[in-house]
Amino acid sequence: MTTATIGGKTVEVDGEGFLQKPEQWDEELGVEIAKELGIELTDRHWQVVKYMRQQVLDTGSAPSIRSLGKQSGVPIKELYQLFPKGPAKMAAKIAGIPKPHGCI
Amino acid sequence: MTTTMPDGTTEAQQADETITKVSIVVSKGSLDGIYPGLIMANGARMEGIDANLFFTFFGMDAIHQKRHDHIKVATVGNPGLHMMTWLGGVPGMSAMVTHFMEKSMEELDIPPIPEFIEMISDSGAGIYACKASVDMFKLSKDDFVKEVDEIITVGDFYQMAGGGQIIFT
C-alpha cells in the first residue's frame, strides 16, 4: 500500500492511484483527482461519480457498465463522452473507490 | 537479471507498453463464437482502448436483423459441453442449452446479443460487415441492425486496423 498527496491530503492508493479507503475521500478530493485526469467535473459527471460511490458503499461492488448506463441516469453514449478513457474506471477513481474488477 | 526479448526489448519494457487500439474479427455464428469478440470489444472500450468489430461469414448473424436474437449454442460436435454425442442432436437440446447459458449470463449482467451490439456501438466502437461475405450471402445494408456503420472490404479493414492489434475469433 502506498500513499499519495492529492490536493494537500495524504491518502492510501493502489499502484494506479485508486483510493483504498473510501472514507478518506471528499468532494474536493474528487475535483483534484478529476483535474489530474484532465476532466472538469460537470453536474452530469457528478451524477455518475456519486451513483458509483453509493453503489460501492451499499453493495460492496462496482456496477457493470451496463447497469451504470441504465441506472445512473446517464446513458452509455454520454458516459463515454464524459469519461473518454473508460467511464467505470475513471468515475471510480474520482469517486474515491477501489478499481472495479468486472469484465462487463 | 532482466530477460531480453527477441526484438531486443526487455520483458519489463514490453509490459509497460499499452494497447491503444484493437480490431476484432468475429467469424463464427454460434453463441460461443460471438460473445468472446463482443466481450473483448466492450472490455477494450471500458479501458479507453479504441475498438472496431468486423463481422464476417456466419459471424454476421450477430448483426443480422432477423437472426441476431436467435443465436444458439452448438450442441452437436461441441466437446466442451461434455455430453454424449447422440444427446446433442436431440431436438430442442440446442435451445435448452442456449436458454441455460443465457440465464447464467444475465446473472452476470452480460447483455443479450442485440443489446450488447447497441452498447458497444454507443461506446464509440465501429461495427462493420465484411463485403465478401455480404456478397456471398446476397445481403445488403438493410439486412443489418442500425448499429452497423458500413460494409467494408478486407483492404478497408486492414487500413482501419493500422497502428493497432488484430484479434481473430
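A contact means heavy atoms within 4.5 Å. By that criterion, residues 24 or more positions apart account for 66% of the contacts in chain B with a separation of 6 or more. This is a predicted model, in which local features need pLDDT of at least 70 and side-chain atom pairs count only at pLDDT 80 or more, while totals for chains, interfaces and linings use all residues. Residues are numbered from 1 along each chain as its sequence is written, chains are lettered from A and ligands numbered from 1 in the order in which they are written, and side-chain values use heavy atoms, with hydrogens and water left out.

**Chain B as a whole**

Select chain B and colour by secondary structure. The C-alpha atoms of chain B fill a box of roughly 60 × 40 × 30 Å along the principal axes. Of its 169 residues, 42% count as buried, where buried means under 20% relative accessible area, exposed over 50%, and partly exposed in between (1.4 Å probe, protein chains only).

**The interface**

Next, display chain A beside chain B. The contact takes 17 residues from chain B and 15 residues from chain A. The two chains bury about 1400 Å² between them, 53% of it on carbon and sulfur atoms; buried area is the accessible area (1.4 Å probe) that two parts lose on being put together, summed over both. Select Met46(B), Asp109(B) and Asp122(B): these residues supply 41% of the area that chain B buries against chain A, more than any other three residues.

Five salt bridges are counted between chain B and chain A, each a side-chain nitrogen of Lys or Arg within 4 Å of a carboxyl oxygen of Asp or Glu. One salt bridge pairs Lys89(A) with Glu47(B), with the closest N and O atoms 2.9 Å apart.

**Salt bridges to select**

The whole structure holds 15 salt bridges over all chains. Select Arg66(A) and Asp109(B), whose side chains meet in a salt bridge at 3.1 Å, N to O. This pair runs from helix H3 (residues 65-71) of chain A to the loop between helix H4 (93-107) and helix H5 (113-122) of chain B. Arg66(A) counts as buried, at 5% relative accessibility.

Within chain B, select Lys131(B) and Asp135(B), whose closest N and O atoms are 2.8 Å apart in a salt bridge. Both residues lie in helix H6 of chain B, four residues apart, about one turn of the helix. Salt bridges that share partners also join Arg66(A), Lys70(A), Glu106(B), Asp109(B) and Glu115(B) into one network.

**Individual residues**

Move to Phe83(A), in the loop between helix H4 (76-82) and helix H5 (87-94) of chain A. Is Phe83(A) buried or exposed? Its relative accessible area is 0%, so Phe83(A) is buried. Not counting residues up to four places away in sequence, Phe83(A) touches several residues, including Ile39(A), His45(A) and Met90(A).

Finally, select two residues of chain B with positive phi. Phe57(B) has a phi of about 45° although it is not a glycine; Phe57(B) lies in the loop between strand E2 (50-55) and helix H3 (85-88) and is partly exposed, with a relative accessible area of 43%. Lys138(B), also not a glycine, has a positive phi of about 55°; Lys138(B) counts as exposed, at 73% relative accessibility.
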